[in-house]
Amino acid sequence: RDLLEIARNQIAKSNVENLVRRPLPQSWNALECFAHLNAIYDYYLPKIELSIHKAKARRWYRVDEFKSGSYGKSLLRRINPENRKARPRKSPKKFNFQGAQLGPETIKGFIINTERLLRYVQQSKELDLTMPRIPAAHNRWFKLNLGDLYCYLLTHAQRHFLQIQDLIAQAH
């Protein structure tokens with residue numbers, strides 16, 4: 001919800017020149033970060049929706065508190081926003097939008113996708129988040145349980161929001 005608030009009330013109101021400004025030729029601009037987040041959502045949101053339906057049909061209701069899986073813990077450590085400058089990550093080609101012609105509608109897409117994600121989180125409140133397993137976008141051999149996937153999507157967005165806010169601050 002905090003990221004939605006920032007996207008709506010701060011970033012979406014930014015000057016387009018600030019959103020496309022690139023501090024270094026090899027770095028992403030703010031709109032490319034949003035396009036990247038949207039591509040991640042485009043991959044995961046349909047799979048989340050399907051896994052919620054599947055969990056309800058199979059009566060996978062919560063019995064205990066959620067416990068993260070080993071792959072989920074490892075992934076979250078790697079994308080921790082605090083490590084983003086010390087350990088930059090290389091994004092797979094299908095999630096890299098550097099040089100793409102993007103406009104402010106990219107931010108609107110992020111807002112819509114994030115609202116959809118929030119609805120899914122709400123629908124998952126009573127489900128066992130360890131049972132539905134979703135293939136990871138970067139390597140389909142690895143699977144994330146639904147709870148770890150929610151943590152990943154939030155942490156990943158936080159990481160890029162820090163990047164976006166840095167880019168906009170540098171532009172001023």
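Guide: A residue is termed buried when its relative accessible area is under 20%, exposed when this area is over 50%, and partly exposed in between. The model shown above is predicted.

Visitor: Why is Arg 8 called partly exposed?
Guide: Arg 8 has a relative accessible area of 35%.

Visitor: What makes the pair Glu 115 and Arg 8 a salt bridge?
Guide: The closest N and O atoms of Glu 115 and Arg 8 are 2.0 Å apart. A salt bridge requires a side-chain nitrogen of Lys or Arg within 4 Å of a carboxyl oxygen of Asp or Glu, and the pair therefore qualifies.

Visitor: Which parts of the chain does this pair tie together?
Guide: Glu 115 belongs to helix α5 and Arg 8 to helix α1 (residues 2-11), so the bridge ties together parts that are 107 residues apart in sequence. Glu 115 itself, at 29% relative accessibility, is also partly exposed.

Visitor: How do you know that the length of helix α5 is close to what is expected?
Guide: Helix α5 (residues 105-123) has 19 residues and spans 27 Å from its first C-alpha to its last, against the 27 Å expected at 1.5 Å a residue. The buried residues of α5 include Ile 107, Phe 110, Asn 113 and Leu 117.

Visitor: How many salt bridges are found in the whole structure?
Guide: The search finds three. Another of them joins Glu 32 and Arg 22, whose closest N and O atoms are 2.8 Å apart, a value within the 4 Å limit. Glu 32 is in helix α3 and Arg 22 in the loop between α2 and α3, 10 residues apart.

Visitor: Are Glu 32 and Arg 22 buried or partly exposed?
Guide: Glu 32 has 0% relative accessibility and counts as buried. Arg 22, at 27%, counts as partly exposed.

Visitor: What makes Arg 62 and Glu 126 a salt bridge?
Guide: Their side chains meet at 3.8 Å, N to O. Arg 62 is in the loop between α3 and α4 (70-78) and Glu 126 in the loop between α5 and β1 (133-135), so this pair ties together parts 64 residues apart in sequence. The distance of 3.8 Å is within 4 Å, and the term therefore holds.

Visitor: Why is Lys 13 called exposed?
Guide: Lys 13 has 62% relative accessibility, and exposed means over 50%, so the term applies. Lys 13 lies in the loop between α1 and α2.

Visitor: How many disulfides are found in the whole structure?
Guide: The search finds zero. Of the cysteines, Cys 33 is buried at 0% relative accessible area, while Cys 151 is partly exposed at 33%.

Conventions
Residues are numbered from 1 along each chain as its sequence is written. This is a predicted model: local features need pLDDT of at least 70, side-chain atom pairs count only at pLDDT 80 or more; totals for chains, interfaces and linings use all residues. Side-chain values use heavy atoms; hydrogens and water are left out. Helices (H or I, at least four residues) and strands (E, at least two) are DSSP runs, numbered from the N terminus. The expected span of a helix is 1.5 Å times one less than its number of residues. Buried means under 20% relative accessible area, exposed over 50%, partly exposed in between (1.4 Å probe, protein chains only). A disulfide is a pair of cysteine sulfur atoms within 2.5 Å.
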